[in-house]
Amino acid sequence: MLKYDVIVVGAGHAGCEAAHIAALMGAKTLLVTIQLDAIARMSCNPAIGGLAKGQLVREIDVLGGLMARATDATGIQFRMLNTSKGPAVRSPRAQADRAQYSLFMKRDLDRTPNLDLRQGTVTELMTDEKGVCGVILECGTRIYSSAVILTTGTFLDGIVHIGLRNYPAGRAGEPPADKLSKSLAMLGLKLGRFMTDTPPRLDGRTIDYSGLDVQYGDEPPVPFSFSTVAINRPQMPCYITFTNSETHKIVRENLNQSPVYAGMLDAPPPRYCPDIETKVVRYPERERHQIFLEPEGPETNEVYPNGIFTTLPEDVQEKFIHTIKGLEHARMIRPAYGIEYTYAPPTQLTLTEEVRAAPFLFHAGQINGTSGYEEAAAQGIMAGINAVLKIRGEEPLILHRHEAYIGVLIDDLVTKGTNEPYRMFTSRAEYRLILRQDNADLRLMEHARRIGAVDDTRYEAFRRYSESIEKEVERLDRSHIKTAQLDKSYLEEHDIGDIERGMTLAQLLSRPNVTYQHLVALGFGAGLNDPRAIEQVEISVKYSGYIKRQMEEISRISKMEDAQIPQDMDFKSLRGITGEAAEKLTEVRPRTIGHASRISGVSPADVAILLIHLKSRKRHA
């Protein structure tokens, strides 16, 4: 009998992270996928990171994930976004070599101890008295396990749309998984349909770049992974062009050939990566829309025209592409398409991503209604961690909203659900000044240590790093200076007023135009040379007031987060609570009062009644 601790179904970005972390934690793990050659394939944009998404990747890296290291090893252009703004909204992004990224992930998974890879299509889940206990493959093979993680991406009942024609597929050129959803329905899960789309791919040799704006990456490139010392790969530029009135005219004339506008879809079109049809219809006043021409790698001629997602017929795609500057003679290598797929509304999950109706079954990625590689990978690593902890009978790892963007992501999905593909933004995080991309290791390393995702060498290096930051911030706070200690020309140059009464070095550093290097030049340094540590010291000092206020708010909120709600509570029997609140609370089954307060339809009055009931229950216990 084939038996594993954990079976992961699907080898996209969620599946790779789930399988890798489960094996890293010592669980005997099997990763099953339809095509082993398509592991971690970048179905859409050949890029990792971006606003808020970059924060997710850094958090995945700290918890033992692969995505950051794979990006550093295969990246062809690195940029830090929003550098002109505050640190709370800065995010790393990188173009990756599409083919090499997939090869890196496949190679790493092949070498991971405790992990087996298998090509096959899962058609059914097996259950016993405890819950889900394994999978059945299309060939009839039964494989047993203690936990199953589904990361099905767009393959679950996938249908590709190009114009008014459609055909079953999980991705262009790959078969769908069209039987597994029946097994999920048999377990009592509610299912729905979502849609996403992708732009065409163009032959870079047929693009005229001469009149286009060029976009270079940062120099030197900043790595994604905290373990990467430097990026040594050659970097490649991207180019910028725009649609125009003629492009929009062709799109409008052919709206009747779009499945979106012909009413052929069972799913809403994506809001956050809208197709060109939707942009033309929704913003008729716009004369042009920006397009980024992104190379897919140095060993291929394929170019990804980011900004012209479409489901129009192939001949119409070619026609409007040729109206765009630089693309007048561009040859289309692959047509754009839309894809509909089945997902399971995530309000059916616990905060560990376990399906409430089917114990030992976990969901991660697009099956939960999300879009994006980074969102999928974040869910995948947490599902893998919690599947192993559940098998061991240990406490789960639940990241709170003030601890990680991953916590915001999962809390939003489980608590609020989503009626369209969910995408992470910095605006979704109420504590984004705390949840910066630069301090993910400071926030999450202790969690990584607990689950065994970090070795002694890396952990000790982290401890030295974090202690150096703490000591330097303390020194700056207690070190006092007077004007007499500073050169007058320096005071004038940096617009520093009279400080005869004295000030601390921290107060001096908090001035907008003073940096840590200025302190060093003035003789007030302390031998701190690590650029990352210096950055942390500067942010801690310059934003100390804002950080303190957020930490005080977190402290107040944490009391609600710590107030546990018994999982057997009958919400419908509580006197005074509204019918809607009772229904939503019963559906979501919140773990804490804080979790309950964020559920749509649960009012502050309902929360107050719930608190009163919990206190009464505690007194009579």
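Trainee: Starting with Asn-114, what is its relative accessible area?

Mentor: Asn-114 has a relative accessible area of 40% and counts as partly exposed, because buried means under 20% relative accessible area, exposed means over 50%, and partly exposed is in between, using a 1.4 Å probe and protein chains only.

Trainee: What kind of model is this, and how are the residues numbered?

Mentor: This is a predicted model, in which local features need pLDDT of at least 70 and side-chain atom pairs count only at pLDDT 80 or more, while totals for chains, interfaces and linings use all residues. Residues are numbered from 1 along each chain as its sequence is written, and side-chain values use heavy atoms, with hydrogens and water left out.

Trainee: Where does Asn-114 lie?

Mentor: Asn-114 lies in the loop between α4 (98-110) and β6 (115-119). Such names refer to DSSP runs numbered from the N terminus, with helices being H or I runs of at least four residues and strands being E runs of at least two.

Trainee: Which residues is Asn-114 in contact with, leaving aside its neighbours within four places in sequence?

Mentor: Asn-114 is in contact with Ala-23, Gly-26, Ala-27, Lys-28 and Thr-29 once those neighbours are set aside, where contact means heavy atoms within 4.5 Å. The side chain of Asn-114 also reaches the backbone oxygen of Ala-23 at 3.1 Å. Asn-114 and His-20 are 94 residues apart in sequence, yet 9.1 Å apart in space from C-alpha to C-alpha.

Trainee: New topic: is Glu-374 buried or exposed?

Mentor: Glu-374 counts as buried, at 3% relative accessibility, and Glu-374 is found in helix α9 (residues 373-392).

Trainee: And what joins the side chains of Glu-374 and Lys-53?

Mentor: A polar contact of 3.2 Å joins them. A polar contact is a pair of N or O atoms within 3.5 Å; within protein, one must be able to donate a hydrogen and the other to accept it, and residues adjacent in sequence count only if both atoms are side-chain atoms. Not counting residues up to four places away in sequence, Glu-374 touches several others, including Leu-56, Val-57 and Ile-60.

Trainee: At what angle do α2 and α11 pack?

Mentor: Helix α2 (residues 53-62) and helix α11 (residues 440-451) pack at an angle of about 35°, with their axes 8 Å apart. Axes are lines fitted to C-alpha atoms, for helices over the stretch in contact, and angles run from 0 to 180 degrees between N-to-C directions. The crossing of α2 past α11 is right-handed, a term for the near helix being turned clockwise from the far one by less than a right angle, with anticlockwise giving left-handed.

Trainee: Which residues meet there?

Mentor: From α2, Arg-58, Glu-59 and Val-62 meet Ala-440, Asp-441, Arg-443, Leu-444, Met-445 and Ala-448 in α11. The residues of this contact divide into 5 nonpolar, no polar and 4 charged, where Ala, Val, Leu, Ile, Met, Phe, Trp, Tyr, Cys and Pro count as nonpolar, Asp, Glu, Lys and Arg as charged, and the others, Gly among them, as polar.

Trainee: On to sheets: in what order do the strands of the open sheet of 6 strands come?

Mentor: The order is β14-β15-β16-β17-β13-β18, with antiparallel pairing, and two strands pair if DSSP finds at least two bridges between them. The edge strands, β14 (213-215) and β18 (332-334), each pair on one side only, and the twist averages 35° from one strand to the next.

Trainee: How many bridges join β15 to β16?

Mentor: There are 4 bridges between β15 (residues 238-242) and β16 (residues 290-295), which run antiparallel, with Tyr-239 opposite Leu-293 in β16.

Trainee: What do β16 and β17 form?

Mentor: β16 and β17 form a hairpin with 6 residues between them, and Gly-297 in the turn has a positive phi of about 150°. Glu-294 has Tyr-304 in β17 as its bridge partner.

Trainee: Which strands stand at the edges of the sheet of 4 strands?

Mentor: That open sheet has the order β11-β10-β19-β12 with antiparallel pairing, and β11 (165-168) and β12 (192-198) stand at its edges, each with a single partner strand, so one side of each is left without a neighbour in the sheet.
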